[in-house]
Amino acid sequence: MTYSNKKIADVAAELEKRIKTLDDKSSILRATELRALYAEIPTLPEEKRADFGKEINVLKDYLQKLVDQAQDEQEAAEPIDVTAPFDRNIPKAERPRLLSSKFGSKHPLMSELERVLAIFYRMGFTAVESRQLDDDYHMFETLNFPEGHPARDDYDTFMTSEGLVAPAHTSTMQNRVLSTYKANLEKGEAISVVIPGRVFRNEDLDARHEHTFYQLEGVYVDEGVTVGNLIATLKTFLETYFSQQLEVKTQPYYFPFTEPSFEFAISCPFCKKQGCSVCSQSGWIELLGCGLIHPNVLKMAGIDPEKYTGFAWGMGIDRMVMMKQNIEDVRHFESGKLEFLRQF
Ligand SMILES: [Zn+2]
């Protein structure tokens, strides 16, 4: 597509690029840049308005075409539900209706997790599910917490009488993922894996603390990976997830398995930094922990930290859903209360 007006051509190039990473493709038609072009029409000299307007319409029609195409592809790529009690080849309108609230619906945490994973798949990540029962070796040792390390106390969880651990974070999978996918590195490909999973903490329960919740871990390793790559990856994900541009900032933090470690904050997507109840009037939301993978963690998986570097992050899915859906009590998720679940 070519545009004679430079400004329109620039916006076209930017939006065409952005649509590829958007979860909701149709939101591109509401992009600020597109609206700004329309708003510019009345400010132009009268004889230029018509051509300028026509060219924006060409751009808009083109974007609409891309959106339609993407939606058709998404439809075609829907995973096959092998439990569906009907023939998948029956047109949608003629299938038995299964999704009315009478028959149940997807749990809000699972729908959100699917959305999050869909974004990471498009960014080239593979998903590996974490275990719900693990051992001390994966929970601590492979993550650079030697026996007696004081930071072990921050991960107070449940144990079986055989000494197995209910994992307090999805990082328990890091060593397995690094060991399994290190063959990628020899082929000149990166390790890029996300790890969704259920995690457990021995907590006093209240509106913000639950003994069971969901996390999403991410691991990326290649030659020459820097903090810049970490920030760019998380920013791309979060901007796609919230369908808007965000500011991000990092603050130094401590985890034994990353060095340096950071707390990652975004400008509040709900109030545009004006201050609201979600961001406690601060305009910023601390969303996740992240950092460059500690050389000892790479070594434990047989990866040479002199040659390869990488980053990892972990974020809570429950909290993301609570923020987005304005849910005030984390305990609703595991309560099994139908009056809560029927709202989704
Ligand atoms: Zn806010």
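The model is predicted: local features need pLDDT of at least 70, side-chain atom pairs count only at pLDDT 80 or more, and totals for chains, interfaces and linings use all residues. Residues are numbered from 1 along each chain as its sequence is written.

**Overall layout**

- The chain has 344 residues, of which 28% count as buried.
- Its secondary structure comes to 11 helices and 7 strands; helices (H or I, at least four residues) and strands (E, at least two) are DSSP runs, numbered from the N terminus.
- Taken along the principal axes, the C-alpha atoms fill a box of roughly 80 × 55 × 45 Å.
- Of the contacts between residues at least 6 apart in sequence, 65% join residues at least 24 apart; two residues are in contact if their C-beta atoms, placed from the backbone, lie within 7 Å.

- The chain is divided into domain 1 (6-76) and domain 2 (108-341), with bounds that come from an automatic or database domain assignment.
- The centres of domain 1 and domain 2, taken over C-alpha atoms, are separated by 35 Å.
- Domain 1 gives 5 residues to the contact and domain 2 gives 8 residues.
- On the side of domain 1 that touches domain 2 there are 1 nonpolar, 2 polar and 2 charged residues; Ala, Val, Leu, Ile, Met, Phe, Trp, Tyr, Cys and Pro count as nonpolar, Asp, Glu, Lys and Arg as charged, and the others, Gly among them, as polar.
- Ile80 lies in the loop between α3 (46-76) and α4.
- Ile80 and Pro295 are 215 residues apart along the chain, and their C-alpha atoms are separated by 41 Å.

**Nonpolar cores**

- The largest nonpolar core has 57 residues, and those with the most contacts inside it include Leu178, Val193 and Phe311; such a core is a set of buried Ala, Val, Leu, Ile, Met, Phe, Trp, Tyr and Cys residues joined through C-beta atoms within 7 Å.
- Strand β2 (residues 191-200) gives the most to this core, with 6 residues.
- Leaving aside neighbours within four places in sequence, Val193 is in contact with Phe125, Thr126, Val128, Val177, Tyr181 and Val219.
- A second, separate core has 9 residues, among them Val11, Leu15, Ala31 and Leu63.

**Helices α4 and α9**

- The axes of α4 (residues 108-122) and α9 (residues 317-325) come within 10 Å and cross at roughly 100°; axes are lines fitted to C-alpha atoms, for helices over the stretch in contact, and angles run from 0 to 180 degrees between N-to-C directions.
- Pro108, Leu109, Glu112, Leu113 and Val116 in α4 meet Ile317, Asp318, Met320, Val321 and Gln325 in α9.
- By class, this contact of α4 with α9 has 7 nonpolar, 1 polar and 2 charged residues.

- The peptide bond from Glu259 to Pro260 is cis, with omega near -5°, and Pro260 is in strand β5 (residues 258-267).
- Ser280 is in the loop between β5 and β6 (284-293), and its phi is near 50°, a positive value in a residue other than glycine.
- Ser280 counts as exposed, with 11 C-beta neighbours inside 10 Å.
- Gln281 is also in the loop between β5 and β6 and has a positive phi of about 65° although it is not a glycine.

How values were computed. A residue is buried if 20 or more other C-beta atoms lie within 10 Å of its own, exposed if 12 or fewer, and partly exposed in between; C-beta atoms are placed from the backbone.
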